[in-house]
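Here is a friendly briefing to read alongside the model on your screen. Please keep the sequence at hand as you go through the points.

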Amino acid sequence: MVTDTIADYLTRIRNASRAGHRVVEIPASNLKKEITKILFDQGYILSYKFVDDKVQGTIKIALKYDKMTKDPVIKNIQRISKPGLRKYASNENLPRVLNGLGIAIVSTSHGVMTSKQAKAENVGGEVLCYVY
């Protein structure tokens, strides 16, 4: 049993990209699906597919690598808000990752979005993770 499913999701992506795997399969949830859509929209993953078996379903993520150096596009992906210590930020205090080169994924009352989108919509929320 996994107590922090988001940390498990991020760790599976981190480990698969460092090992050079093309595809990683992750048990699905609605929050994980939203994070996957954000990673795709921001260009950190190549593609994704939601496989719906009648139980929980899985997410198949095709990881993206640099064509020349074969390095993974996701250099680091780290969990910020944990079940034991939640991290919240108001719209004025939303984090910038690597001076805007990375993204912070935030869970707000308007849904899951990047910190730039949350700042544009003038909402704060729980800072889930940093990706760069």
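What follows is a short tour by topic.

This is a predicted model, in which local features need pLDDT of at least 70 and side-chain atom pairs count only at pLDDT 80 or more, while totals for chains, interfaces and linings use all residues. Residues are numbered from 1 along each chain as its sequence is written, and side-chain values use heavy atoms, with hydrogens and water left out.

**Terms used below**

- Helices (H or I, at least four residues) and strands (E, at least two) are DSSP runs, numbered from the N terminus.
- A residue is called buried under 20% relative accessible area, exposed over 50%, and partly exposed in between, with a 1.4 Å probe and protein chains only.
- Contact means heavy atoms within 4.5 Å.

**Helix α1 and what covers it**

- Helix α1 covers residues 5-19, and its end C-alpha atoms lie 21 Å apart; this agrees with the 21 Å that its 15 residues should span at 1.5 Å a residue, because the expected span is 1.5 Å times one less than the number of residues.
- The buried residues of α1 are I6, Y9, L10, I13, R14, A16 and S17.
- Among the elements covering those buried residues are β1 (23-27), α2 (30-41), β3 (58-63), β4 (77-79) and β8 (125-131).
- After α1 comes G20, which has a positive phi near 85°.

**I26 in strand β1**

- I26 sits in strand β1, and its relative accessibility of 0% makes I26 count as buried.
- Setting aside residues up to four places away in sequence, I26 touches Y9, R12, I13, K32, T58, I59 and I61.
- I26 and G57 are 31 residues apart along the chain, and their C-alpha atoms are separated by 8.8 Å.

**Strand β6 and its partners**

- Strand β6 (residues 103-108) is largely enclosed by the rest of the structure, because 5 of its 6 residues are buried.
- β6 and β8 run antiparallel and are joined by 6 bridges; two strands pair if DSSP finds at least two bridges between them.
- A104 stands opposite Y130 of β8.
- β6 also runs antiparallel to strand β7 (residues 111-114), with 4 bridges joining the two.
- β6 and β7 form a hairpin, with 2 residues between them.
- Within that pairing, T108 has G111 of β7 as its bridge partner, and I105 has T114.
- T114, in strand β7, counts as buried at 5% relative accessibility.
- Leaving out neighbours within four places in sequence, T114 is in contact with I38, Q42, I103 and A104.

**Two asparagines with positive phi**

- Most residues other than glycine have a negative phi, and most peptide bonds are trans.
- N99 has a positive phi, near 55°, and is found in the loop between β5 (88-89) and β6.
- N99 counts as exposed, because its relative accessibility is 66%.
- N122 has a positive phi, near 60°, and is found in the loop between α3 (115-120) and β8.
- N122 counts as exposed too, with a relative accessibility of 53%.

- I80 counts as buried, because its relative accessibility is 18%.
- Apart from neighbours within four places in sequence, I80 is in contact with L85, K87, V127, L128, C129 and Y130.
- I80 and A19 are 61 residues apart in sequence, and their C-alpha atoms are 23 Å apart in space.

**The largest pocket**

- The largest pocket holds about 190 Å³ of space; grid points are joined across faces, edges and corners, and a volume is the space filled by probe spheres set on the points.
- On a 1 Å grid over the protein atoms alone, a pocket is an open set of points where a 1.4 Å probe fits, with protein on both sides within 12 Å along at least five of seven lines, and lining residues have an atom within 4 Å of a point.
- The largest pocket is lined by R22, V23, L46, A62, L63, K64, Y65, D66, K67 and K70.
- That lining divides into 5 nonpolar residues, no polar ones and 5 charged ones; Ala, Val, Leu, Ile, Met, Phe, Trp, Tyr, Cys and Pro count as nonpolar, Asp, Glu, Lys and Arg as charged, and the others, Gly among them, as polar.
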